[in-house]
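Please look at the sequence and the model before reading on. The questions that follow go from the whole chain to a few of its residues.

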Amino acid sequence: MTEIFESTGQALLYGVVGLAVMAVGFIALDLVTPGKLFHVVWTDRNRGAAVLLGSQSIAVGLVIMEAIRASESEEGLGYGLLSALLYGLAGVLVMTLVGIVIGHLTPGQMGAVALDDSSDGRPHPAAWVQAGMYLGTALMVGAALS
């Protein structure tokens, strides 16, 4: 029974680390897209912004999953939590840098174009491209961790 409680405690601690990395990912995405992301998604109901935020959240979750797997160590729980945090933050950094680089290579400001919903409410195709880019980057970073 003690093992169950210990494992539950560890899961909660890794969950807190994952939440912290997700929050940093949200802040990073907010910095590279025009407007305040929270307002653009929840108040303006911008579908392109929702596509970006949803895909980036999945991508960060994938990186955290692989970071937790890679952090298993005989060094102890503290080492595992720290390495999962650092690996997760590295993933967010790489995703953000890839987004910035791709943004410079495409016509217009990628973040602004991706948030440009059409008159019929559909997200701009750039939103889907950027969403795929986040997921692809997460898979690459995750593979590097395993």
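**From the chain to its residues**

Q: What share of the accessible surface of the chain belongs to carbon and sulfur atoms?
A: This is a predicted model, in which local features need pLDDT of at least 70 and side-chain atom pairs count only at pLDDT 80 or more, while totals for chains, interfaces and linings use all residues. Residues are numbered from 1 along each chain as its sequence is written, and side-chain values use heavy atoms, with hydrogens and water left out. Accessible areas come from the Shrake-Rupley method with a 1.4 Å probe, where for residues only the protein chains shown count as cover. The surface of the chain comes to about 8,400 Å², and the share belonging to carbon and sulfur is 68%.

Q: In what order do the elements of the chain run from the N terminus?
A: Helices (H or I, at least four residues) and strands (E, at least two) are DSSP runs, numbered from the N terminus. The chain has six helices and zero strands, and the order of its elements is α-α-α-α-α-α.

Q: Is Asp-30 buried or exposed?
A: Asp-30 lies in helix α1, which covers residues 2-32, and, leaving aside neighbours within four places in sequence, is in contact (heavy atoms within 4.5 Å) with Gly-35, Lys-36 and Leu-37. Buried means under 20% relative accessible area, exposed over 50%, and partly exposed in between, with a 1.4 Å probe and protein chains only. Because the relative accessible area of Asp-30 is 15%, this residue is buried.

Q: Which residues does Thr-137 touch, not counting those up to four places away in sequence?
A: Thr-137 lies in helix α6, residues 125-145, and counts as buried because its relative accessibility is 3%. The residues that Thr-137 touches beyond that sequence range are Val-94, Met-95 and Val-98.

Q: What is the angle between the planes of the aromatic pair formed by Phe-38 and Trp-42?
A: A search of the whole structure finds one aromatic pair, where rings of Phe, Tyr and Trp (its six-membered ring) pair if their centres lie within 6.5 Å, and planes under 30 degrees apart count as stacked, over 60 as edge-to-face and the rest as tilted. Phe-38 and Trp-42 form this stacked pair, 4.8 Å centre to centre, with an angle between the planes of 25°.

Q: Why are Phe-38 and Trp-42 separated by about one helical turn?
A: Both Phe-38 and Trp-42 are exposed. Their separation is about one helical turn because they are four residues apart in helix α2, residues 37-42.
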